Amino acid sequence: MFKWLFLSYFLISIKANSQVKISGKITDNHNKALAGISISIQNSYDGATSDSSGNYSFLTSEKGAQLLQASATGYKSFEQNININGTPLNINISLREEITELKAVVITAGTFEASDQKRASALSPIDIVTTASANGDITNAIKTLPGTQQVGESEGLFVRGGTANETKIFIDGTLVNKFFYSSEPDLATRGRFNPFLFKGTIFSSGGYSALYGQALSSVLLLESIDLPEKTSADFGISYLAANAGIQKLSKNKKSSWGVTYAYTNLALVYNFIKQKLDYFRVPVLHEGDANFRIKTSATGMLKYFGSFSTTNVGFRNQDVDSLIMKDAFGLKNLYTYHNLSWKEKIGHGWKLNTGVSYSFNHDKISDEFQNASNQKQSMLNDSLYAYKNFNLENRGRYANAKIVFEKRLFNLSAVRFGSEYNYSNEETIYTSYDGTNYPQTVKENIFAGFAETDIYLTNDIAAKFGVRTEHSQLLNKWNVAPRISLAYKFQDNSQFSLAYGIFYENPERKYLPSINQLHFSQATHYIAQYQKISNDRTFRTEIFYKKYKDLFKTGLSSNGTFAAINNDGFGDAKGIEFFWRDKKTIKNVDYWISYSYLDTKRDFLNYPFAIEPSFATKHTASLVVKKFVMKLKTQFNASYSYATGRPYYNINYDYISNKYKIYDQGHTKGYNDLSLSVNYLPSVGKLKAKSFTVFVLSLTNVLGANKIYTYNYSANNQNKVAVTPPSKRFLYLGCFISLGIDRSQDEINNHL
Amino acid sequence: MKKFFLFTAMICFASIAFAQSDKYISAMKANIAQLDSVMVKGNAVELANSFERIGNAEKTQWLPFYYAGYCTVMNAYNEKDVAKKDAIADKAQQFINKADSILGKENSETDVIKSMIATAHMTVDPQNRYMTYGPQITEFLEKSKSLDPSNPRPVLVQAENTFYTPVQFGGGKDAAKSFFDQAKKLDDNFKPETEISPDWGKNAINYFLSQYK
């Protein structure tokens, strides 16, 4: 028996001593050596890690049939059956790259993305609020990116020779109507939405996905934030506004709710900063919003955001026709917005993204013709002056719904499809000087269906094919819009993308109703892009060509109203753009430069023939610089924008030739703006701080450049008045306090 | 005779079983012995892989994955190419998730690693990620402390975080001192559960405290 025992121990020790060497080299599919790869025999401790030249080698005491495994992040795992019989084994392994979001090429033609989630983004959400010239307004920050124009006399984004109306804005996938505060004559109003409501911003200057439509030039996609990290209370005070709010996160961190209220009154500001306009009602705003967010599952999120605002403003401006008289403009606005969205992974690789939004907008506009002592003048004997007294009431109801299904196919490839519905009911009542009401209602139902697929062949090649179709009830027409984009990644991680697409749009409300049969306006985009993003530097250049077809022409309809009359307009735009961002070269300084060259002409609205439109100029450039000085706990921001002069025209109807005619034209002087802002964060980094405070000081047009946006002409073509900003400079000073949560980066520059 | 055979067989099985667990302990001990020297060299990939192999073979032990996670998060700290940091930290997270699921309950030691993983993610882009990861870093450390108040490691990690935070942000050498002292005190009294249970940090504590002399 002891013999047996001895034998068994002997066997065990033999086993321990007879080790076999396994070695080889690990490479990827480009035959490049891979270091740090783990290689092992299944269910055994034996294995090794490949060295810097890809070689590995280890001894094993395992015997017989075994499974050799190799695994590494980003590669498909490798398995091979081996037989260990005492002789050394040499096994070379080639690992196949896995197509992952981390490594795969991103289709970026036409797109700028600001997100803290994605690594390939050019800007982050904080960048938007720390841009000195932005004044806390999302679209103002976007105006420092290539492709946009510095248009100061009206709101919106003018992209690559397109009008502001050719850019549509979406929140969580659904269209936002009336994104900007109601228009005031010759002023650019701000966006209604606080940049801190959004965690991601995608600005596309062309070639965008089939998920979006009714925009000839551009889309701005905003993604709202999810659950807050902590419960917090926020207060803000500045010399023009005060706000307070609370965000409550539930104990189980699965849901949250919040409410905020803000009051804005510019009386103090206008005492301090001289205004060109004579305000008889200084702007007063009441704004409130409420939200709830519920995590419906590990992957699902239900979000509601609702807001209301009221605006009351009135000012007098010099009348362009009479010089000694004034136009008194008054606006009262009520606006509400509701957005409910839900996203969820519904299993088997399916994802659902759906949302509905509803908004209501009510403008009460009054216009009075006044003399030097601000008394109303009826001037019934002169129809030109008599018509300067009017009231206009707009009531708009808008509902939007969208549903997108996504199915993940092989690797990163996916197919997406769904539909969208946009409803609008816009009622206007124009009351002329004699009290006659002219009510008009325009209703529209647009149904859209879309499908697109992302195909990833390798990590280096990807393509997106999409198609969208829309039906407009108003036009009683269908359209079909194909979209294609491709991207190829080079070995040095730079990438090249191409995009092509057809885009359709309906006429603007202000040119409706038309008594003529109209169809969609159309734009075709061709874009080529080269981009290289490393951690600290981004270089991007894009060339584009955009062809416009069937643009709306306006004129006097046979019933005497000024409206869209046909689709005979056309145009094109071409250009090249550069973007360079660098956080590395100068220590602690982050800057970006953008430059756009644009060559565009179009014939639309009342243009007599194809001309360079008044909202486009050839050269636009911006420089944005940011520097945080730790010692002072202060961030300094500067931005400088330059644009060559824009063309301006006096286009009037010539009753002799019965045509529109250019009576005068020219180019404005170049546009210059240097803006500075300083954010002081005294409580930065106080451990376990219970509150966080930010002071913000900003000044626009520091150098006091005289900005002339365009010119207005009198009806008799004799008088020409420059359109300038309401004040030369604007100074902002405010303080924001957040209790309960350290919002160091978040509160910076949170204006208004 | 039969009885004796059975007895021998039992001895044999027992000795194999013993050899098995002995093999586990000795392999773990050999790896753990390398921890400090590997960390100084700044490349713990090999060691992490070795722990992973033990974990994959054992299947029911959480410690190999715990150590693999610890080594990997240190690799994420040491990675100079910021673009690669996230993937390495994600890998560390996978190890810690495995350790957690084997353990089946919250543990003071894995929470320390989770806090370190959050730090690794944050350092990729502190300005933009502080909002997301800042609270997680503290939260996991606090959880770790409450699960085992005698554990010196959450206090050490907090001390190191403070040490490397600029003075203007409430950190710095002086602010970190009391945390190192506290970590030292806890460490002196700390008794690891088994000979392969987490016990790292002594060298770091002594190294940092030596800088105050």
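Within what distance do the axes of helix H4 of chain B and helix H5 of chain B come, and at what angle do they cross?

1. Basis of the note. This is a predicted model, in which local features need pLDDT of at least 70, side-chain atom pairs count only at pLDDT 80 or more, and totals for chains, interfaces and linings use all residues. Residues are numbered from 1 along each chain as its sequence is written, while chains are lettered from A and ligands numbered from 1 in the order in which they are written.

2. Helices H4(B) and H5(B). The axes of H4(B) (residues 82–103) and H5(B) (residues 108–124) come within 9 Å and cross at roughly 165°. Here axes are lines fitted to C-alpha atoms, for helices over the stretch in contact, and angles run from 0 to 180 degrees between N-to-C directions. Helices are DSSP runs of H or I with at least four residues, strands are runs of E with at least two, and both are numbered from the N terminus. The two helices are therefore roughly antiparallel, a term for angles over 145 degrees.

3. Their contact. Residues of H4(B), including Ala89(B) and Ile96(B), meet residues of H5(B), among them Ile113(B) and Ile117(B). Two residues are in contact if their C-beta atoms, placed from the backbone, lie within 7 Å.

4. Helices H5(B) and H6(B). The axes of H5(B) and H6(B) (residues 126–147) come within 8 Å and cross at roughly 170°. H5(B) is therefore roughly antiparallel to H6(B).

5. Chain A overall. The secondary structure of chain A comprises five helices and 39 strands. Its C-alpha trace spans about 130 × 55 × 45 Å along the principal axes. Of its 752 residues, 37% count as buried, that is, with 20 or more other C-beta atoms within 10 Å of their own, C-beta atoms being placed from the backbone; 12 or fewer count as exposed, and values in between as partly exposed.

6. Backbone details to inspect. Most residues other than glycine have a negative phi, and most peptide bonds are trans. Asp172(A), not a glycine, has a positive phi of about 50°; Asp172(A) is buried, with 22 other C-beta atoms within 10 Å. Asn374(A), also not a glycine, has a positive phi of about 60°, but Asn374(A) is exposed, with 12 other C-beta atoms within 10 Å. The peptide bond from Leu512(A) to Pro513(A) is cis, with omega near 0°. Pro513(A) is placed in the loop between strand S26 (495–505) and strand S27 (521–533) of chain A.

Definitions and conventions
Parallel < 35°, antiparallel > 145°, perpendicular 65-115°, else oblique.
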